[in-house]
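Me: I have a chain open here and would like to go through it in short questions. Start with the overall layout, please.

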Amino acid sequence: MGGHSDALCGAVVTNGSTELGREITPTVKDMQVTLGGVASAFDSFLVLRGLRTMPIRLERMCETSMRVAQFLEDHSLVEWVRYPGLCSHPQHDLAKTQMDMFGQMVTWCIKGGSDAAMAFVGAVTLARRATSTGGTETLVQHQRSIELEKITPGGIIRVSVGLENADDLIEDFAKALQCVEKVCRSVKMSCAD
């Protein structure tokens with residue numbers, strides 16, 4: 001909500017009309033009193049500042065995400081793309097009934113597994129390699145490389161799209177995918193899998 005990757009806030013919401021809600025509400029209240037689970041004044045200021053620009057940021061991020069998802073879906077090195085705005089998404093019809101915009105997160109799978117994914121995230125120059133969402137800058141993440149138990153398939157890349165120009169971001173991704181193709185050829189790695 002803050003939108004600038006500079007505030008840390010959260011919320012715990014319970015429903016007192018349900019059995020679980022009645023059960024956990026006293027514990028949540030106790031933790032709030034005991035641990036001070038209230039945002040600082042400065043964090044609150046930062047989130048308020050971000051809320052003022054949230055609608056325009058989301059509009060831009062969602063528009064750019066759709067364009068990036070369409071670009072990736074048409075690329076020969078991409079196995080699949082998951083973005084609810086794409087007609088190919090398994091729940092696209094449901095998403096259309098629930099959403100006006102489809103979000104800024106794009107998840108996709110590059111052919112060639114972890115090696116190809118690491119080559120891609122290492123080759124982007126406009127986007128940054130980091131784990132976060134909703135900031136002004138586009139972030140790419142290779143989930144498997146940060147997991148302890150290596151559950152996520154190796155080729156999966158998650159993108160949190162920021163406020164950059166869509167054409168610039170697509171150009172960055174296109175150049176990074178060209179680098180992946182070169183790496184695949186030089187080490188005779190299969191990017192066709």
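**Layout of the chain**

Reply: Read along the sequence, the chain follows the pattern α-α-β-α-β-α-β-β-β-α. That comes to 5 helices and 5 strands. Keep in mind that this is a predicted model.

Me: What does the C-alpha trace span along its principal axes?

Reply: The C-alpha trace spans about 60 × 35 × 35 Å.

Me: And how much of the chain is buried?

Reply: Of the 193 residues in the chain, 37% are buried. As for contacts between residues at least 6 apart in sequence, 66% join residues at least 24 apart.

Me: Next, the helices. What are the end-to-end numbers for H1?

Reply: Helix H1 covers residues 19–35, which is 17 residues. At 1.5 Å a residue it should span 24 Å, and its end C-alpha atoms are 25 Å apart, so the two values agree.

Me: Where does H1 bend?

Reply: The bend is at Thr25 and is about 30°. A proline, Pro26, follows within four residues.

Me: What comes just after H1?

Reply: Gly36, which takes a positive phi of about 75°.

Me: Is Lys150 buried, exposed or partly exposed?

Reply: Partly exposed, because its relative accessible area is 37%, and that class runs between 20% and 50%.

Me: What about Leu148 in that loop, buried or exposed?

Reply: Leu148, in the loop between E4 and E5, is exposed, with a relative accessible area of 86%. Its C-alpha atom is separated by 34 Å from that of Asp168, and the two residues are 20 apart along the chain.

Me: And Gly154, buried or exposed?

Reply: Gly154 also belongs to the loop between E4 and E5. With a relative accessible area of 12%, Gly154 is buried, because buried means under 20%.

Me: What does Gly154 touch?

Reply: Leaving out residues up to four places away in sequence, Gly154 touches Gly113, Ser114, Ala117, His142 and Arg144. There is also a distance for Gly154 and Gly112: they are 42 residues apart along the chain, with C-alpha atoms separated by 8.4 Å.

Me: Switching to pockets. What is the volume of the largest pocket?

Reply: About 340 Å³. It is lined by 19 residues, and those nearest its centre are Met1, Gly2, Gly3, Thr133 and Gly134.

Me: How does that lining split by class?

Reply: The lining of the largest pocket has 8 nonpolar, 9 polar and 2 charged residues.

Me: Which residues does Arg57 touch?

Reply: Arg57 touches Met1, Gly2, Gly3, Gly50, Leu51, Gly134 and Leu163, again leaving out residues up to four places away in sequence. Met1, Gly2, Gly3 and Gly134 are among those nearest the centre of the largest pocket.

Me: Where is Arg57, and is it buried or exposed?

Reply: Arg57 lies in helix H2, residues 41–73. Arg57 is buried, with a relative accessible area of 7%.

Me: How much space is in the second largest pocket?

Reply: About 230 Å³. Its lining consists of Gly10, Ala11, Val12, Val28, Met31, Gln32, Leu35, Gly37, Val38 and Ala39.

Me: How many of those are nonpolar, polar and charged?

Reply: The lining of the second largest pocket has 7 nonpolar and 3 polar residues, and no charged residues.

Me: Last one, Leu177. Which helix is it in?

Reply: Leu177 is in helix H5, residues 166–186. Leu177 counts as buried because its relative accessibility is 0%.

Me: What surrounds Leu177?

Reply: Not counting residues up to four places away in sequence, Leu177 touches Phe71, Leu72, His75, Leu77, Trp108, Ile110 and Phe120.

Me: How far is Leu177 from Gly3?

Reply: C-alpha to C-alpha, Leu177 and Gly3 are 28 Å apart in space, and they are 174 residues apart in sequence.

Conventions
Residues are numbered from 1 along each chain as its sequence is written. This is a predicted model: local features need pLDDT of at least 70, side-chain atom pairs count only at pLDDT 80 or more; totals for chains, interfaces and linings use all residues. Side-chain values use heavy atoms; hydrogens and water are left out. On a 1 Å grid over the protein atoms alone, a cavity is a set of points where a 1.4 Å probe fits but cannot get out, and a pocket is an open set with protein on both sides within 12 Å along at least five of seven lines; lining residues have an atom within 4 Å of a point. Grid points are joined across faces, edges and corners, and a volume is the space filled by probe spheres set on the points. Ala, Val, Leu, Ile, Met, Phe, Trp, Tyr, Cys and Pro count as nonpolar, Asp, Glu, Lys and Arg as charged, and the others, Gly among them, as polar. Helices (H or I, at least four residues) and strands (E, at least two) are DSSP runs, numbered from the N terminus. The expected span of a helix is 1.5 Å times one less than its number of residues. The bend at a residue is the angle between axes fitted to the seven residues ending there and the seven starting there. Buried means under 20% relative accessible area, exposed over 50%, partly exposed in between (1.4 Å probe, protein chains only). Contact means heavy atoms within 4.5 Å.
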